[in-house]
Amino acid sequence: MRFLLDTEQRAFTESLDALLRAADTPSVVRDWGRGEHAAGRALWSRIARAGVFALAVPEAYEGVGPLPVELAAAFVELGRHAVPGPLAETVAAAVLLAGLDDPGPAKRLLPALVSGEAMATLAGPGSYALDGDAATTLLSYDGGELRLAPGHGPIRPSLDPARRLTPLAAGGERLATDPPLATALTWARLAVAAQALGVGLALLDRTVAYVKQRTQFGVPVGSFQAVKHRLADAKVALEFARPLVLGAALTLAPADVAAAKVTACEAAYGTARTALQLHGAIGYTAEYDLSLWLTKARALRTAWGSPGECRAEVVSGGPRRR
Amino acid sequence: MDLTHSPADEAFRAEARDWLRTHVPPEPLPSLETEEGFAAHRAWEAELSADRWSVVNWPEEYGGRDAGLLRWLLFEEEYYAAGAPGRVGQNGVSLLAPTLFDHGTREQRARVLPPMARGEVIWAQAWSEPEAGSDLAALRSGAVRTDGGWLLSGQKTWSSRAAFADRAFGLFRSEPNAPRPHQGLTYVMFDLRAPGVTVRPIGRLDGKPAFAELFLDEVFVPDEDVIGEPGQGWRIAMSTAGNERGLMLRSPGRFLASADRLLGLWEARGGPVSERDRVADALMGARAYQLFTYAAASRFLEGSSVGPESSLNKVFWSEYDIALHETALDLLGEEGESTDTAWAEGYVFALAGPIYAGTNEIQRDIIAERLLGLPKGRR
């Protein structure tokens with residue numbers, strides 16, 4: 001029992017953090033939201049070269065996985081830097097393809113996901129795929145069939161400008177029947193949970209920095225107890241979500257992952273509300289970078305399972321005592 | 001990073017589970033906030049102690065098993081899962097004993113700890129005073145030098161367990177003219193039945209005497225009952241506040257067991273959808289607290305001190321405890337109004353959590369100033 005990231009895991013997340021810090025992600029996000037994907041694709045390739053997508057893919061398909069703990073740690077960093085794109089979707093697609101009985105589709109499609117040449121998205125009937133206009137591997141599932149969709153429908157804007165919602169076109173090559181959707185859902189939720197935790201941590205960091213330098217009534221806003229206590233509550237929520245995310249990565253039990261998802265997303269969302277309030281009107285402004293994290297916290301809350309759906313999964317998981 | 005326990009740790013857990021299976025009283029003991037319950041809980045401490053289960057993390061020479069922090073956590077998980085009684089000796093075990101391990105003399109440890117482990121001497125805390133609350137620097141009760149010791153005078157209040165306990169520990173002002181209010185305090189242990197001590201039990205919300213006021217009139221304390229250097233009481237008290245005690249004040253095992261029981265209650269009531277999310281929150285909160293504690297224990301075992309993160313811990317468990325019990329009482333409906341259930345007892349106990357051990361407002365200030373680096377300012 002040593003419930004802490006080891007030295008290698010910490011070095012990996014620190015190098016990813018450094019890579020992303022140098023990438024000017026806010027301008028990448030703004031391009032992405034306008035449908036200009038060049039900078040996003042370039043960043044995606046660097047993230048892939050750092051090994052992030054290989055963590056979800058077995059060695060047989062040129063990956064190094066499955067390594068869910070490392071993946072979760074990496075996704076915290078992606079969230080902290082507001083990286084755009086179908087991140088959780090690419091992970092879910094990779095897990096789905098690797099789990100098919102027929103290795104054919106995985107052999108054909110996974111190496112490009114690992115290398116970052118391709119990004120994937122997926123959706124069921126009547127739901128939206130994230131970033132179908134940017135993704136190169138479009139997976140649709142319907143009635144027990146998994147298909148390679150031939151294209152996507154009109155783009156629907158999301159409250160998070162960096163998330164472009166697209167229905168997938170019907171038909172296309174059939175890849176499998178009865179694909180292991182439940183496992184893919186578990187990985188997608190784990191990735192979103194970690195990403196949301198990162199979003200919340202960034203919101204807290206930015207807000208703490210802001211209230212230290214913003215003065216009102218002649219003193220820093222951060223010296224007021226009402227401000228301090230809201231930030232302390234955000235800190236408590238995030239610090240208790242973190243172990244759930246890492247614990248869920250270790251067990252991959254659907255109830256644990258659902259718990260991590262709902263707790264991390266609620267913590268991030270609560271932090272977003274606090275961040276907006278404490279920034280005041282500047283925080284309510286699209287051109288101010290904080291908005292990139294604020295809107296993502298809201299969108300991730302319902303991505304891959306609403307809070308209610310996740311809590312139902314937690315309760316159905318039975319006693320938690322180990 | 002892993003959550004699996006070594007075979008030796010699992011063997012320890014299994015031994016604890018086996019012992020508890022055959023020893024835990026089949027019927028719950030009466031409330032430990034009553035005279036009868038206090039006596040029953042004291043007897044239970046003696047039974048635990050006879051097989052060295054009362055203070056598993058203490059060194060063997062004082063009645064423990066030298067089990068370490070991790071095995072303490074495993075023991076606590078088994079303890080509460082088995083439905084074992086609440087711990088009447090907790091003030092002494094979790095507050096005084098760590099201070100004695102760090103700052104006491106060998107003689108003090110040998111004299112004080114074994115009877116504490118056996119439940120023969122139950123300790124009450126005597127920190128609080130009227131008009132002091134979480135601000136210990138405002139303490140006014142005094143200690144005046146006399147031959148071979150000190151004379152304590154003044155008033156302590158909200159003294160948990162003092163209605164039925166044997167002895168108490170707390171801080172007293174020995175240098176009234178010290179330049180700063182947290183200087184000149186002395187950390188002493190004293191007898192609640194000594195001449196000059198008047199104990200007035202105070203009923204908590206349900207009327208049970210969970211604490212008391214102490215009136216002290218020239219109560220003699222021999223030098224051997226002063227912990228550390230006179231005048232250094234604040235530093236001594238604070239130095240143990242941030243160590244593993246921060247992890248031991250409330251064990252995750254208690255909340256894991258309570259959340260499981262809440263799930264059982266919810267299922268027994270037909271699993272109403274209206275309370276489903278709150279039951280899920282209780283399950284998630286218990287797991288989060290368990291894993292947070294495992295992470296903190298992992299860091300502690302690697303040599304990091306716990307420090308101000310114990311304030312995160314305190315805010316979390318105290319508010320979690322109330323939410324969990326509120327959910328149970330709501331599920332019970334009319335029955336939840338009755339005061340003679342374990343859930344009602346737990347609820348009343350939980351209500352005090354955000355108030356004692358440094359109010360949650362003080363804890364939030366600590367989180368904001370020491371963990372987030374926000375400037376000190378108006379309270």
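In the predicted model, 59% of the 322 residues of chain A count as buried. The fold of this chain is built from 11 helices and 9 strands. Its C-alpha trace extends over about 65 × 50 × 35 Å along the principal axes. For a chain of 322 residues, a compact globule would have a radius of gyration near 20 Å, and the 19 Å found for chain A agrees with that expectation.

The contacts of chain A reach well along the sequence: of those between residues at least 6 apart, 71% join residues at least 24 apart. As for charge, chain A carries 33 positive and 31 negative side chains, with the centres of the two sets 7 Å apart.

Most residues other than glycine have a negative phi, and most peptide bonds are trans. In chain A, the peptide bond between Gly65(A) and Pro66(A) is cis, with omega at about 0°. Pro66(A) sits in the loop that runs between α3 (38-49) and α4 (68-80) of chain A.

Asp178(A), a residue other than glycine, has phi near 50°, and its place is the loop between β7 (173-177) and α7 (181-213) of chain A. The relative accessibility of Asp178(A) is 65%, so this residue counts as exposed, the cut-off being over 50%. In chain B, Arg161(B) is not a glycine either, yet has a positive phi of about 70°. Arg161(B) lies in the loop between β3 (149-160) and β4 (167-173) of chain B. With a relative accessibility of 11%, Arg161(B) counts as buried, because the value falls under 20%.

The UniProt entry, which is unreviewed, lists residues 7-120 of chain B as "domain: Acyl-CoA dehydrogenase/oxidase N-terminal".

Elsewhere in chain B, Ser258(B) belongs to helix α8 (residues 252-268). Ser258(B) has a relative accessible area of 13% and is therefore buried, as this lies under 20%. When neighbours within four places in sequence are left aside, the contacts of Ser258(B) are with Leu324(B) and Trp343(B).

Note on methods: Residues numbered from 1 in each chain as written. Chains lettered and ligands numbered in written order. Predicted model: local features only at pLDDT ≥ 70, side-chain atom pairs only at ≥ 80, totals over all residues. Heavy atoms only, no water. Helix = DSSP H or I, 4+ residues; strand = E, 2+ residues; numbered from the N terminus. Rg over C-alpha atoms; globule rule 2.2 N^0.38 Å. Buried < 20%, exposed > 50% of the residue type's maximum accessible area, 1.4 Å probe, protein only. Contact = heavy atoms within 4.5 Å. Lys, Arg positive; Asp, Glu negative; His and termini not counted. Charge placed at Lys NZ, Arg CZ, Asp CG, Glu CD. UniProt positions renumbered as here; feature names shortened; annotations may be inferred.
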